[in-house]
Amino acid sequence: MTLMAERPVISGTTPRSDFEGQLDLLDELNVPDGYKAEIVRGNIVVSPWSKGYYEDLIELVCDQLRPRLPEGHRISTTPYLFVFPGAERAYGPDIHAGHRGAYRTTSNRLDGEGLSFVAELTSVSTRDADLTEKVEVYGKAGVQVYLVLDMQKQQATVYWTPTARGYRSSCSMPIGEKLPIPAPFDCILDSSGIQLPEEGPDDVEES
């Protein structure tokens, strides 16, 4: 089997209107190790999880935000599927935080509106959705803070003040500089110790 490490796999040529049916199909998918499945723009998209060197940045975000979490909240990198029925989308964010009650369910489909924080680290295949569609969906769902770590541009952007139309406020800094993270966290994300290699062309894995 040949896998394109930076190419999404899309279910069909036209979007399905049956969102519940797509969620059921996700349950039945045999997703290869190292890949995740999401519902993006009405399609089921399978894309690779983060590259190994992303881990330093993921740990930095979690370590610096954990002491600033609202009471009763948790931050995690566990691969969960968060569902946004109003937008007919379902995402598996790289980092997510929310009230512990939102995670106490027997379902594998978690409520996206229970999230207080989301961070996405872009890849070639997810970058467009991370920077456009997810900004709108997370904002309209009331996720208080959305952090996009653009690994191709090496830039961090934080969005806050969610409204029915999306986020009203944003701020961008190069990765490696200090980025203010607004309420309810009210802290400075300092990534000055992070060294990011230049990303090369898309990898092709064969097995």
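**Strand 10 and its neighbours**

Colleague: How do strand 8 and strand 10 pair, and over how many bridges?

Modeller: Strand 8 and strand 10 are antiparallel, with 4 bridges between them. Two strands count as paired if DSSP finds at least two bridges between them. Strands are DSSP runs of E, at least two residues long, and helices are runs of H or I of at least four, numbered from the N terminus.

Colleague: What sort of model is this?

Modeller: A predicted one: local features need pLDDT of at least 70, side-chain atom pairs count only at pLDDT 80 or more, and totals for chains, interfaces and linings use all residues. Residues are numbered from 1 along each chain as its sequence is written, and side-chain values use heavy atoms, leaving out hydrogens and water.

Colleague: Back to the bridges. Which residue partners Gly98?

Modeller: Leu115, in strand 10. Val118 of strand 10 is the bridge partner of His96.

Colleague: And how does strand 10 run relative to strand 11?

Modeller: Parallel, with 5 bridges joining them. In strand 11, Leu147 is the bridge partner of Ala119.

Colleague: What is the strand order in the sheet?

Modeller: It is an open sheet of 6 strands, ordered 5-8-10-11-12-13, with mixed pairing. Strand 5 and strand 13 (166-174) are the edges, each pairing on one side only. On average, neighbouring strands of this sheet are turned by 10° against each other, direction ignored. For angles, axes are lines fitted to C-alpha atoms, for helices over the stretch in contact, and values run from 0 to 180 degrees between N-to-C directions.

Colleague: Is strand 10 covered or open?

Modeller: Mostly covered, with 7 of its 7 residues buried. Buried means under 20% relative accessible area, using a 1.4 Å probe and protein chains only.

Colleague: Which strands does helix 2 lie across?

Modeller: Helix 2 lies across strand 5, strand 8, strand 10 and strand 11, and runs at about 160° to strand 10. Contact here means heavy atoms within 4.5 Å.

Colleague: Which residues of helix 2 are buried?

Modeller: Helix 2 covers residues 55-65, and Leu57, Ile58, Leu60, Val61, Cys62 and Leu65 are buried. They pack against strand 5 (73-76), strand 8 (95-99), strand 10 (115-121), strand 11 (145-150) and strand 15 (187-190).

Colleague: Why would residues three or four places apart point the same way?

Modeller: Because an α-helix has 3.6 residues a turn.

Colleague: Last one: what does helix 5 touch?

Modeller: Helix 5 (residues 133-140) packs on the sheet and touches strand 10, strand 11, strand 12 (155-163) and strand 13. Its direction makes about 130° with that of strand 13.

How values were computed
Buried < 20%, exposed > 50% of the residue type's maximum accessible area, 1.4 Å probe, protein only.
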